[in-house]
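Hi everyone, thanks for coming along. Let me put the structure up on the screen, and then we'll walk through one part of it together.

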Amino acid sequence: MIDGYLIPEDLSYTFQAGKQNPVDVLTGSNKDEANFGICPGAGGRGGGPALTADAFRTSAQRRFGDVADTYLTLYPVASDGDARPAAHMACADEINWNMRQWAAGHAAKGKKAYTYFFTRIQTVNGQPSPQGATHTAEISFAWNNPKGQATQTWNDVDIKLADQMSSYWVNFITKGDPNGPGLPRWPEMKDVATSKVMVFGDTPQVEAAAPTPKLAFYSAAFQRLLKATGTN
């Protein structure tokens, strides 16, 4: 909510100008963000109307204009059946980029910044969650709280992952750095294009390689938007 006081302007402009409050940050997102219903057309909890291939392409043209073809190359849709999975993936990728962008913005101010990508699918009532690694699914693990969601059931993998994740979080809260004894090294986020994030799947592992083409696309699209609004 831009109130002119606590938040004086769109935060994109604040970060573009490097005027954000310089603090150490830990940011991140989940593999199946779209399943929470936070991305229009990507397939949320209620399902919603079927997304067609034509609607997906039209949305791409509206959002990205003359670089929509690049977007459609990254997220190809040959039939109506491809549309919702493509929108789902695009949603998660854009949020992933955003979290890296946020962290890199603070790193540019000389602060420590770390980003994660959560992929662990927990069990609900004894079965893999149909929502996958959806939005907020990591919270119970970060706080090491197996009853964070009433229907979730943890196995030994979940218990160990939660112990590791909560250790990272406590370390970050107490010293601004998630790393500590017995934990896989979590690298700092320095640059959106090349820095790697920590992936929390069955175990914590640094991603093999940053998804450079997708990150480059969203970075360029963001810069075009800023230019279009006369803010660059």
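Here's a question to start us off: which residue in β2 is the bridge partner of Ser29? It's Phe117. Just keep in mind, as we go, that this is a predicted model.

That bridge belongs to a run of six between β1, residues 25-30, and β2, and the two strands pair in the parallel sense. Now look at the other neighbour of β2. With β6, residues 198-200, β2 again pairs in the parallel sense, here over three bridges, and Phe118 has Phe200 as its bridge partner in β6.

Moving along, β6 and β7 are joined by three bridges, but these two run antiparallel. Met198 stands opposite Val206 in β7. Put together, we have an open sheet of four strands in the order β1-β2-β6-β7, with mixed pairing. β1 and β7 stand at the edges with a single partner strand each, so one side of each has no neighbour in the sheet. On average, neighbouring strands are turned by 25° against each other, ignoring direction.

Back to β2, residues 113-118, for a moment: six of its six residues are buried. Ala113, Thr115 and Phe117 are on one side, Tyr114, Tyr116 and Phe118 are on the other, and both faces are covered.

Finally, the helices. α4, residues 80-107, lies across β1 and β2 and runs at about 175° to β1. α6, residues 156-175, lies across β1, β2, β6 and β7, at about 140° to β6.

That's my tour, so over to you for comments!

Notes
Residues are numbered from 1 along each chain as its sequence is written. This is a predicted model: local features need pLDDT of at least 70, side-chain atom pairs count only at pLDDT 80 or more; totals for chains, interfaces and linings use all residues. Side-chain values use heavy atoms; hydrogens and water are left out. Buried means under 20% relative accessible area, exposed over 50%, partly exposed in between (1.4 Å probe, protein chains only). Two strands pair if DSSP finds at least two bridges between them. Axes are lines fitted to C-alpha atoms, for helices over the stretch in contact, and angles run from 0 to 180 degrees between N-to-C directions. Contact means heavy atoms within 4.5 Å.
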